[in-house]
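Biologist: Hello! Could you walk me through the ligand site and the enclosed spaces of this model?

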Amino acid sequence: MTSPSPRRIRRLDPSTVQRIAAGEVVERPASVVKELIENSIDAGAGSIAIRISGGGIERIAVADDGHGIRPEDLELAIERHATSKIDPDDPLEGIVTLGFRGEALAAIAAVSRLRISSRPPDREGAAGIEVAGETAASRFTGPRAPGTTVEVTDLFFNTPARRKFLRSPPAEQLEIARTLERAYLAEPSVALTLESDGRAVAAYPTSDDPSDAASRVLGPDFLRSSFAVAGEVPGGRVTGVLGRPPLAAGSSRGLYLAVNHRPIDSRPIQQAVRAAFGDYLPRPRYPVGVLHLDIDPAEVDVNVHPTKREVRFSRLREVAEAVRRQVRESLLAAPRIADLSGHALAVPALRARAPRASAPIASARATGTIERRSVQRALGATAPPRAEVGAPSSRARLVLLGCLDALYWVAEGEDGLVLVDQHAASERVVFESIRRGETIARQEMVEPVTIRLTGAERAALAAHGSEVARAGFDVAEFGPDAWAVRSVPSFAGRRARAESVIEMLDELAAGGRPTEPDGLVERRAASLACHAAIRAGDVVSAVEFSRVLDALHALDDAPNSCPHGRPIVIGIPRSRIDRWFLRSGA
Ligand code: ADP
Ligand code: MG
């Protein structure tokens, strides 16, 4: 038992206060690098050289060619809450510098040995200051070109608890490299170099072209398969360049966001970008690229996070929605079939020896318009004279040749090959049925599957139960806290997919999936359709193939795209195939 009497309250001594405060700003070597780069950019530097050793734990040196620090201000620079960046008359309004809290150098000084030498352009030489933890600052002078060098050695030498949590030097170096990427993509007008233990690790030259900057970080392939984004958002603009769906990554780290040239993290914006890609991306993939938001500084509060990694938007929902719309429009406007044929047939020798052949393969125009036609015309344009699969009608009939990766149906049409995305095709059929208020046929589960639902999922089920049922899912309450999935849509392949019910309810709770055109009813229908449809990976019989194709034909002028905008049918004319094989007369 502890003593029942209360313990005394004491004031912390200033050095403890300093170290506690420092802990919020300086988490690891990368945080030091981030703060120092920001200071150099704020000082108008054109290029910044970063040198580290031992993953930055032993030493970090950041040298810039900026406007420097006046010698008489050196002590103030490392004092807490001292800054040159705030207008005393209008303290926290419309901040346009990266720094403003006057904390970084003080925080770094509190947990390392810090040395600053700086020369403003109008002075003869450099003046410097050196501190280590609580020791008094000492001064020095020396020659230097105009600019500032900040050196940080022995990080956390006086805070062993922090030091213990550092990772290996290579892991810390990686974080630093990543910090450089973020800084560069947010402000590519400033050149950055990184040298680690004497070896050059990264060099990012000044660039005024966002695509060029992006490709320096994301690799040259990025440019070949990316699209530009530009448009209005409330209070400003969004611009940038994003990778096309095939480039999507396994984590959200490949999407770089910046607000007014400040690298930021923002889940809502991140999610908006992902939502814009919609069904173009399978579940665990994330968009890659760079997006800049240039927004009236009065509309963003950057003073919400000690490391300023997050910002608060005064109109977050509107901005996120505008980002989603702009990204989606750009994605849909960009030619999308080009990379399909390009990827499948990128044969360098072929291009080198027969320049004529490369044009139609790489050209987006040849097939770029196909998804804008109706699905019937896309199918009909390739109708073969003989009918072997299903199809009671006289409309387009295809000879099913096989299936690729349980995903694409490969068929022979009148004019060549026809590829059908089985998920997109079935999804469009189910979507149209749901929109018309029809009931999707269901199949009973041999053994009902029990699932648990969160509050939001329960609410979504309560609100949209009848739509869920019409989509073919029979979900009934089953004892306290549990629900039983007793049937699933008959389209839904052979696999029972209880988890798909949960995903669907999550989407319904969030308002459904993004669709073109937008609309709440459409979004919900798209969500239901996506989960009720044949999925990628489902093995489908020829009977089901013809059932889906017949249903597609029966639709009134439905677009040749799934509800999320991906194409359903792509025809590859025989003439093009001939050209690929360099057949004469083609
Ligand atoms: P803040 O950046 O929030 O002002 P810091 O502690 O990071 O706070 O820096 C304190 C001050 O030191 C800055 O306001 C700036 O005047 C000066 N300073 C720091 N680094 C540099 C640099 N590389 N070049 C010029 N001035 C600098
Ligand atoms: Mg700063």
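Predicted model: local features only at pLDDT ≥ 70, side-chain atom pairs only at ≥ 80, totals over all residues.

Biologist: Which residue has a side-chain N or O atom 2.6 Å from an oxygen atom of ligand 1?

Modeller: Polar contacts here are pairs of N or O atoms within 3.5 Å. Backbone polar atoms lie 3.1 Å from a ligand 1 oxygen at Arg 101 and 2.7 Å from one at Gly 102. The side-chain contact at 2.6 Å belongs to Lys 85.

Biologist: How much of the area that ligand 1 exposes when taken alone does the protein bury?

Modeller: Areas come from the Shrake-Rupley method with a 1.4 Å probe. Taken alone, ligand 1 exposes 530 Å². Of that, the protein buries 94%.

Biologist: What space does ligand 1 take?

Modeller: A pocket is an open set of points on a 1 Å grid over the protein atoms alone, with protein on both sides within 12 Å along at least five of seven lines. A molecule sits in one if more than half of its atoms lie within 2 Å of its grid points. By that test, ligand 1 takes the second largest pocket.

Biologist: Which helix gives the largest share of the lining of that second largest pocket?

Modeller: The pocket has a volume of about 750 Å³ and is lined by 33 residues, where lining means having an atom within 4 Å of a point. Helices are DSSP runs of H or I with at least four residues, and strands are E runs of at least two. Strand 2 (59–64) and helix 4 (104–110) are among those supplying at least two residues each. The largest share, six residues, comes from helix 2.

Biologist: And how many cavities of 30 Å³ or more does the structure hold?

Modeller: A cavity is a set of points where a 1.4 Å probe fits but cannot get out. The second largest cavity has about 30 Å³ of space, and its lining includes Gln 18, Arg 80 and Glu 103. The number of such cavities is two.

How values were computed:
Residues numbered from 1 in each chain as written. Chains lettered and ligands numbered in written order. Heavy atoms only, no water. Points joined across faces, edges and corners; volume = space filled by probe spheres on them. Polar contact = N/O pair within 3.5 Å; in protein donor to acceptor, adjacent residues only side chain to side chain.
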